[in-house]
There are 6 protein chains.
Amino acid sequence: MPDTATTATRSKPAPANQQLANQRVAWFNGKIMPESEVRISFRDRGVKYGDGAFDTTRTFNGRIFRLKDHIDRWYRTLKYLRFDPGVSPAEMMRITEDVLARNIHLLDKDDDYWVSQRITRGAEGIEYLPEAPNVIVECLPLPLKARATQFRDGIKVLTPSVRRAPPEVISPRAKTHNYLNMIVAEQEVKSIDPTAWAVLLDVNGNLAEGIGANIFLVRDGQLFTPRLNYVLAGISRQTVIELARAAGIVVNETDIDLYDAYTADEAFLTSTSLCICPVRSINGTGFDKGGLPGKVTKRLTDAYIKLVDCDFVAQHLRRLPGKSV
Amino acid sequence: MPDTATTATRSKPAPANQQLANQRVAWFNGKIMPESEVRISFRDRGVKYGDGAFDTTRTFNGRIFRLKDHIDRWYRTLKYLRFDPGVSPAEMMRITEDVLARNIHLLDKDDDYWVSQRITRGAEGIEYLPEAPNVIVECLPLPLKARATQFRDGIKVLTPSVRRAPPEVISPRAKTHNYLNMIVAEQEVKSIDPTAWAVLLDVNGNLAEGIGANIFLVRDGQLFTPRLNYVLAGISRQTVIELARAAGIVVNETDIDLYDAYTADEAFLTSTSLCICPVRSINGTGFDKGGLPGKVTKRLTDAYIKLVDCDFVAQHLRRLPGKSV
Amino acid sequence: MPDTATTATRSKPAPANQQLANQRVAWFNGKIMPESEVRISFRDRGVKYGDGAFDTTRTFNGRIFRLKDHIDRWYRTLKYLRFDPGVSPAEMMRITEDVLARNIHLLDKDDDYWVSQRITRGAEGIEYLPEAPNVIVECLPLPLKARATQFRDGIKVLTPSVRRAPPEVISPRAKTHNYLNMIVAEQEVKSIDPTAWAVLLDVNGNLAEGIGANIFLVRDGQLFTPRLNYVLAGISRQTVIELARAAGIVVNETDIDLYDAYTADEAFLTSTSLCICPVRSINGTGFDKGGLPGKVTKRLTDAYIKLVDCDFVAQHLRRLPGKSV
Amino acid sequence: MPDTATTATRSKPAPANQQLANQRVAWFNGKIMPESEVRISFRDRGVKYGDGAFDTTRTFNGRIFRLKDHIDRWYRTLKYLRFDPGVSPAEMMRITEDVLARNIHLLDKDDDYWVSQRITRGAEGIEYLPEAPNVIVECLPLPLKARATQFRDGIKVLTPSVRRAPPEVISPRAKTHNYLNMIVAEQEVKSIDPTAWAVLLDVNGNLAEGIGANIFLVRDGQLFTPRLNYVLAGISRQTVIELARAAGIVVNETDIDLYDAYTADEAFLTSTSLCICPVRSINGTGFDKGGLPGKVTKRLTDAYIKLVDCDFVAQHLRRLPGKSV
Amino acid sequence: MPDTATTATRSKPAPANQQLANQRVAWFNGKIMPESEVRISFRDRGVKYGDGAFDTTRTFNGRIFRLKDHIDRWYRTLKYLRFDPGVSPAEMMRITEDVLARNIHLLDKDDDYWVSQRITRGAEGIEYLPEAPNVIVECLPLPLKARATQFRDGIKVLTPSVRRAPPEVISPRAKTHNYLNMIVAEQEVKSIDPTAWAVLLDVNGNLAEGIGANIFLVRDGQLFTPRLNYVLAGISRQTVIELARAAGIVVNETDIDLYDAYTADEAFLTSTSLCICPVRSINGTGFDKGGLPGKVTKRLTDAYIKLVDCDFVAQHLRRLPGKSV
Amino acid sequence: MPDTATTATRSKPAPANQQLANQRVAWFNGKIMPESEVRISFRDRGVKYGDGAFDTTRTFNGRIFRLKDHIDRWYRTLKYLRFDPGVSPAEMMRITEDVLARNIHLLDKDDDYWVSQRITRGAEGIEYLPEAPNVIVECLPLPLKARATQFRDGIKVLTPSVRRAPPEVISPRAKTHNYLNMIVAEQEVKSIDPTAWAVLLDVNGNLAEGIGANIFLVRDGQLFTPRLNYVLAGISRQTVIELARAAGIVVNETDIDLYDAYTADEAFLTSTSLCICPVRSINGTGFDKGGLPGKVTKRLTDAYIKLVDCDFVAQHLRRLPGKSV
C-alpha cells in the first residue's frame, strides 16, 4: 500500500534560511526561482520535439501522496527515454518536498497542489545554450472548481475514432511530454461536446485511457480495467486496485470493449487529481439510473477518502457555482 | 514545379528602419527580438505536451526555397491540429522573409539557413500567462559541417524495431512538435552505432521515414519511395519526384519492404537541409559497389543543384575535416 | 457511362391487364401484392441472421437510374453470399420496371422512388414454411423532406470509434442485410449529436464509408475518395468519378486519413438517394468558409443534375420547412 | 452455478384460461398467437439490416435451463444495441415460461425445445407500421435427429479463411441477428465438406468460435478455451467451466492457436442445444485414437447430464438412423 | 518482354569433352556429378534451418525460358538473405545451360525440365565440413502427367485459414527454402480435399498466392492480380501481364478479396511449370459455367503458347489417363 | 518438475555388441552410422523447403536433461506438421539414450552434448529415393568456448526491425526447420554488431524470443517473460519458472514491451544449452550497474546448477581465453 511520506503541511514552518515568496516558486536546474521566470528556449528539444518527461502527484491537505511511487515511475520513464536528470531519486524527493514547503503558504484554504517533476532534453549546438537537460520541480493549484460539476454530475465519456498509440510506436506506460495522440483524440470529442471527456480505444478496439486518466467498469460487483498494455500504470489506478482487493472486491485487469462499457453497472475514472470520479455515460449510455456515484464507486471513494484523509469529493463540490468556499 | 519566391540575399539591404543586430533575431508573437530571448514558459502546452507544430525550409545562397509550399503545409498541419496562428499565410510569408533579411548578414560565407515557423498552444488557466498561442519565426545556420562526412561516405541506415506511428494514432503527414516516436527509434539505432541514421518501418513492416527525411530506392533505373500513408509529404521528396519525372525517370510511390531495400541498386534520403544525400547501406547491405553516389542519385543531385542554383554537395564537402572553408 | 434504361414515367400507361392499386404494391416471390402484406416469418434466416441482400436505385422524375448497374451489383452480392433468386438478371430488370410502373401513379408530384430488390435465405426445417428464398421487388418514396436541411446546410460528419468491417470478416463490397457494424457506429454518433452522420474509419484508421454513403474530399481541385477495399462500390460514387474525369478533374482512389479530411477544401457524400450532398464539417472542422457547396462540389452537382435531367438539389430544398411543394 | 428456475413440464397443467392450441404458439408484442402467423414486414429494420437480437436457452425434459442467465445476457445485448423491449427482465422470464407452458404438450416424447426471446428494431417512416420494436418469445423443437451422428461420430471441425469479427467492428459478446460473418465462413467450409462445422479464427489467428458454439481443448488433463474477446460468453461454456472447476480440472481461458488444436488430446464444442459434443477432428487432425468422447470430455458430459438431469447424449443417439424413438 | 536466351535442344551436341551420363547429372559446388550423389549433411544450415534459396525456370521443347530473369531474381533473393554463391550471374547462366545440355538426352519425347539453381548456407564449426555454402544446379522432368487433369478440369482452389507471411516477418518476394507457412496451409486444404490447391490470403484477408503459383481473376474483360506485397514476383505472372497488355487487356495489380474471387468471371493460376492453368472453382464457387478455360484465359493461354512456341496445354492433356504419349 | 531420466555417463560401459567408433555416430533411419555419412538428398523436402522438425536437449556431465519433455514436445511439433516418424516416443527415448551412449567416450573432459532428434519429409516422385521421412538422432558437443564471454560479460541484446512470425502464419510453438524469419532478424543485428544477439518483437511490438532462446526480465524481485503466444515453450524457460516458483519468486507470463525491457533491474536468456545466461544490455540500456549476474538471476542460476548437478557457468568460464581446461 502507499508509502506514507507525509510532508510540509500548512502549519509547517517554511525553510528557515529564506523569505517566503509571494508568488509560486519552482526548482529550476538547481535554483529556486519564481515560477513565472522558468522559461525554456524554443531551441530546447523539449519545445521542438516534446522531448521531455514528467510525473505528477498531488497533495491532500497539503501532504504529498505516494511521492516515492511517482518519483520511481518518473525515473522509469527517464530510463526508457534515456534522460539523465543529474540528481538521484532520493534527492529528487527532498527537492520536491522543499518546493512544496516553499509554496504551501500560497494555497487557499481547502485547496491542494499538483506537485510535478519535469525534464526536457536541452538544446544541441546552439551557441548560447548549455547542452544539458532542463529539470524543473513545481507545483500548481488543482483545478478543483473546474471539475466540481464532474463530481456532481459524473463525467460524460466519448470514445473518439483516434486510437491510443501502441507499444510498438511508443510505450503508453511512459509519461512523456508527447500528448498529441491524445490531444487530437480529445479535440475530436470536444468539437462535438465541449463538456465530454475522451477515453481512447487501443488499436484492437478495447478501452484504453483518457488524458491522464484510467477507466474502471463495475459489473456484478467486480472491477474491470484495461490491462497494462495500452495504458499508463496510474498510481491512482493502483491505489484503487489495492483498496478494492483489501475490501474483497475482485479486480480484473483485462481487455474490455464497448459491449463491456455499455453493459456495465457503473464506471469511473481515476487520476492523480481526481482520485475517483464517477462516469455518467459512455457514448450516451448512462450509468446514472440509480444515482451517481454507483454503489461500488461510492464504496471505493469512501475508502480512498479514508486512506488520504481528505474528502476530495466534498473538496470539489464546495466549489460548485453558488457555493462559497 | 517549385515556386520561385526568392528573397533576401546577402547583398540585399537590410530592413531600413532599424539597426542590424549582431546576433540572430526572431519574430515572436509580433515582435522582432534577439533569438536567445525567445523563451517559453514551462506551463505552455508546447512544453508540457509538445503541443505545437512547425515547418522549415532552407536557403540556397541566402534565397529561400519553395517558401509557399512550406507555408501551405504548415497551415495544413495547423488546421489538422486546430491551431489559429492569428496571421494569414501571405502575412506569414512576409514575416518569414523579413526575419531572413534581418539575419542574413550573420551568415558566414557559403553558409545557409534553416528558416522555420513554429507555434505552441499556450498556457491554460495560469494567472501570469495569456491564453494564446506562441508563434515564432526564426532561422538557424544549417549543420553543414556535421553532415559533410555523410555526403562523402553516404549515410548508414538502420531500421529500428520501433514502428512509425500509424494514421489512426496521429497522421504522419502532420509536421508536429511530437517526435518521441522517432526519438526512441533513433536512440535504439544510435546506441548501437552513433554514426547511423534510423529509418523506421511502418506498422506493416514497409519502409517509412527517418527523422525529417524521406527515403528513395533506385532499381533498374526507376525510383521507389513509400506512398504518403506513413510518411511526411516532404517538399524535397516532391522536388525529387518532379525532377525525376521531368528527366523521364519512372517514380513509384508504393509499399517497399526490406527485400526491396536490400536488392536496390542505389538509395538516398531527401530532406529540407540535405536535399539529396546518398545512402551507403541499409542494415549493412551496401550500395557503394560502384562508388557513391550511384548513377541515378548523381543525376537527380545534379538536377537538384541546377534547380536551386547552389551546389549543396560541394557546400558540405568543403567542410570536411582538413578542408578550409 | 451510365446505362440509359429509362422506364415508366408518370405519364406512361399502367400495365394493361389490371387495376392500379391505391396503395403501393410489391413483387413477392412472383406475385404482385400490396406492399403492406409482404411479411416474412421470424423463422426466416433473413430475420434471424440478417441473411439477406439487396440493392437499390432511385428514380429521377420517375425514370430509373442505371438499373442494369444496380442489378448487376445485386447479382454479384448474391453470388458472394451464395443466393439463388431463381430469376435471371434480365427478368429481374423487367420485374423491377413493372413494379415501378404499378406504383408510379402514387407518387406525389416532384417526388421520386427508391426501387429495390431484396432476398432473404428462407427457413430451414420449419413444417409450415417452404425452404426457399424470399424475393421482393419494391419501391418507396425518397425521404426528400427529411434531408432538405442537409442540402441547405451541408452534412455534419463525425467519425465514430467503431471501425468498418474489414474484408477478412465480410467484404464491404457486398450490399447485405447485415448493418449492425454501421448501426452501432451510427448510434455512437447520434447519441452525441442526433443531426450528425457517421462516416466510419477502416481498420487502418483511414476514412471508409457511412451507412449507404461514400465520401469524397476535394483538395487543390482534385478528388480523393477511399479505394475499394473497405467500402461499397457505390454506383453514385462511380457516376461522380466518371463525371469528374469527363470534366478533366483528377480523381484519386486512395487511402485518406483524418489529416486529409481536416485539410480538405471541400467534402461531399454520394449515395443513391442523395446523389451528391455537401459535407459541412468533419469532426467539427468546417468546409463552409466560402459557402456550401464548394466550387468543385457545385460543378459536379451541376453535371450530375444534367446527367439525370433532374435537379435533385432543388427537389430537396423545396421541402425545407416553410416552403410549399 | 446455474440458477435452478425450473418450469413447465409435460405434466404441468396448461395455463388455465385458454384452450391449448394444436400448433406452436408464440408471444408477439404482447399477444399469444400461432407461431406461423408471426411475420415481420420487410420494411422492419430487423429484415433490412438484421437489426435485431436474441437469446436462446433449451429445455431438459421440458424444464428450462438457466433462464435467468440467458435473459440477463439478452438484456445486455439489448443495452449494447440500444433496444428497449418495453418489458422488464422479470416479466420477460414470466412470458418465456408461459410460452413454454402453452407449447409443452406439442413436444414429442423425449424431445425438447429451444426457447428464445427476439427483438427487431421496427420500421421508420412507413405509413402503415408503428415505429416500435417487435418482440417475440417462441419455442422450437431441438434438431436432435439431425445431430445424432455428431454425437456418435464426433464433429468434424474445419477452420475457414474468414475471420471472426473483432470487437472494434462489433462485439462478439453480443448475440445479434447479424450472422453473415459466420455464414460466409460456414459456406466456405460446407462447400468443401457438407458434414463439417466451421470454427473461425480470430483476427490474430487464434481459435474463436463456430456458429453458436464455443470450443474447448483438453491437454494433459486441463481445459483450454478462448478468452472472452472474440467469442460469445456462452452459458454452456460457463456451465462447463463451472463443472470442470468443481471437479478439480484446471480451466485456461486463453489464446489458443492451431498448434494447440492439433496437439490437443481431446476437443469438444459447447452450445445451448448440444451442451457438450465431442470433436472428432480439426482440419483432419483427429482426436479419436482412443475412441470418442475422450476421457475428460466424457467426465464433463456425465457431470453436465447429472446437472441438467437429462441424458442429452442418449437423447441424440436414440435418433440415429435405424433407431426408433 | 522475355529474354530469348534459347539453349541446348535435343538435337544439340552434348558437351564435347565427356560421355553423356545415363542418369541425370547436376552441378554441385563446381563439379558435374550424378544427381543422386548430391547430398547435403544434416549439419548444413540448409537442412537444419531451411537456410537456403532457389530459383527455377522450365524448358519448352528443351529451350530454357527467360533464364536471365530467373537468375536475376535468384541473385536478388541471395542478396536479401546475404548469400554469396561465389559465381557471377553470367557464369551461373552458363553453368545452367551446361547442366541442361548434359541432361537433355534423358528427356522423353514431349517432356520438359525444370531447371533450378539452389544454395544452402553450409555448416558452422563442424570438424569434417567446410564452412561454405553448397551450390547446386539441377534439372528435373516436369510433373506433366500428375497435372494433366488440372488442365482438363481446372484447379479447385481452397483458401485455408493460415495466412501468407507478411513482409515484416519475411518478404514473400524472396524465393527461399522456407515453405512451412505454405505447407501447413496446404495440409489444411489437402486434409479436406486431396485434389484441391491452397491459395492463401494475406494478413489483411486479401488473396495472396499458392505454393509457387500466382492467381489472376478476370472480370468484365480485365485482369486482377494481387499487388506485389504479399506474393512472389512470378516470372510467369509477369509474362501474363505483358501478354495481356500487349493484347490491350487492362491489368489491375491490386488488393482483391473473396468477394472479387467469388464474383469473377474466370480465374487462373500461373507458375513456371503450369504457365497458365484455369481455376475451376474457389471455395466451391465455380467459373466453369461456360466451359473451361474461360474466354480471356484461353486468349492469354494462346498468346503464351505462341510466345514459348510450345503448346503446354496439349503437352499436359496428352498425358491424361487413357491417352498414350 | 523435470523428469530425472539419467543415462549414460562417461563411466558407463558402451553398448556391448559393438566397437566404439572413433568419430561421432548417429542413428539414421534405423541404423547407427558415422555422423559424417548422414547426408540428405537435395531432393528431400527437408532441403528444398526446410520441411522438417527437431528437438534438442543437452547433457550435464553426460546425463541427459528432461529428455521426456523434449521428446514429448518433438512429437507435438510432428503432430502439428503431420509427420509420422515411424517410431514411438518410448522407442525414440531409447534410441536417443543409445546414441548418447555410443558417443559419450568422445567427449572431452568437462564437455557436454546437445542431443537431438530430427525429421525431414523425404522426397516425392524421385526415382532413386524412397518416399519416406528421414529420421536422425545425433549429438554434438556444446559450443561452450564460443559462449564463455557471454557468461562473463552478459549478452548484448538488440531488437531487430523484423518481427517474429505470428500464429496465423505458423505457430511459434512448433520447433521446425524453418528459421529464416529469425535468421534475417539476426543478420540485421549481426551486421551492426557481430557480438550482439537478436531478440525479436512480436507483431504487436512486445518482446518475443531470440533464436532458440527465451527472455526473462526481473523487476522489483519478480520475473516477467512473454506469454506463450509468439514464443516457443522452452523447456529451460519452464525449468526457470518452476525453480522461481519453488523459491517463492512471482512469475508473470505476460506481454512485455521495450519500456519494461529498459526499466528492468535484470534480464537473462534461457535456452537448452545456455540454461540461464545474464543479459548485459538491451538496445544499449544496461543491467550491469550492480555487476552481472544480478541478484535474482544469480539465485535462479544457483538453483538451476543444483537441479542439474552441473555448474554450467563455471563450465563456460573455464573456457575463457587464457584459461586452460
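**Helices, sheets and copies**

Visitor: At roughly what angle do the axes of helix α2 (residues 67-81) of chain F and helix α3 (residues 89-103) of chain F cross?
Guide: The two axes come within 10 Å; they are lines fitted to C-alpha atoms, for helices over the stretch in contact, with angles from 0 to 180 degrees between N-to-C directions. This is a predicted model, where local features need pLDDT of at least 70 and side-chain atom pairs count only at pLDDT 80 or more, while totals for chains, interfaces and linings use all residues. Residues are numbered from 1 along each chain as its sequence is written, and chains are lettered from A and ligands numbered from 1 in the order in which they are written. The crossing of α2(F) and α3(F) is at roughly 125°.

Visitor: What does that make α2(F) relative to α3(F)?
Guide: Angles under 35 degrees count as roughly parallel, over 145 as roughly antiparallel, 65 to 115 as roughly perpendicular and the rest as oblique. With axes crossing at roughly 125°, α2(F) is therefore, relative to α3(F), oblique.

Visitor: How many nonpolar residues are in the contact of α2(F) with α3(F)?
Guide: Contact here asks for C-beta atoms, placed from the backbone, within 7 Å. Helix α2(F) brings Leu67(F), Lys68(F), Ile71(F), Asp72(F) and Tyr75(F), and α3(F) answers with Pro89(F), Met92(F), Met93(F) and Thr96(F). Ala, Val, Leu, Ile, Met, Phe, Trp, Tyr, Cys and Pro count as nonpolar, Asp, Glu, Lys and Arg as charged, and the others, Gly among them, as polar. Beside one polar and two charged residues, the nonpolar ones number six.

Visitor: Over in chain A, how do α6(A) and α8(A) lie to each other?
Guide: The axes of helix α6 (residues 235-246) and helix α8 (residues 295-308) of chain A come within 10 Å and cross at roughly 105°. The two helices are therefore, to each other, roughly perpendicular.

Visitor: Which residues of α8(A) make the contact?
Guide: By class, this contact of α6(A) with α8(A) has seven nonpolar residues, one polar and no charged ones. From α6(A) come Thr239(A), Val240(A), Leu243(A) and Ala244(A), and they meet, from α8(A), Leu300(A), Ala303(A), Tyr304(A) and Leu307(A).

Visitor: Which strands of chain D stand at the edges of the sheet?
Guide: Helices (H or I, at least four residues) and strands (E, at least two) are DSSP runs numbered from the N terminus, and two strands pair if DSSP finds at least two bridges between them. In chain D, six strands make an open antiparallel sheet, in the order β2-β1-β7-β6-β4-β5. Two of them have a single partner strand each, so one side of each is left without a neighbour in the sheet: β2 (31-34) and β5 (63-64).

Visitor: About what angle does the direction of helix α2 (residues 67-81) of chain D make with that of β4(D)?
Guide: This helix packs on the sheet and touches β4 (52-60), β5 and β6 (113-120) of chain D. The angle between its direction and that of β4(D) is about 175°.

Visitor: In β7(D), what is the bridge partner of Phe28(D)?
Guide: Strands β1 (residues 25-28) and β7 (residues 134-141) of chain D run antiparallel, joined by two bridges. In β7(D), Phe28(D) is partnered by Ile136(D).

Visitor: Where does the largest share of the side of chain C that touches chain D come from?
Guide: The contact takes 36 residues from each of chain C and chain D. In chain C, β3 (39-41), α1 (45-48), β6 (113-120) and α5 (180-192) each supply at least two residues of that side. The largest share, five residues, comes from α5(C).

Visitor: Which residue of β3(D) does Ser41(C) stand opposite?
Guide: Strand β3(C) pairs with β3 (residues 39-41) of chain D in the antiparallel sense, over three bridges. There, Ser41(C) stands opposite Arg39(D).

How values were computed
Contact = placed C-beta atoms within 7 Å.
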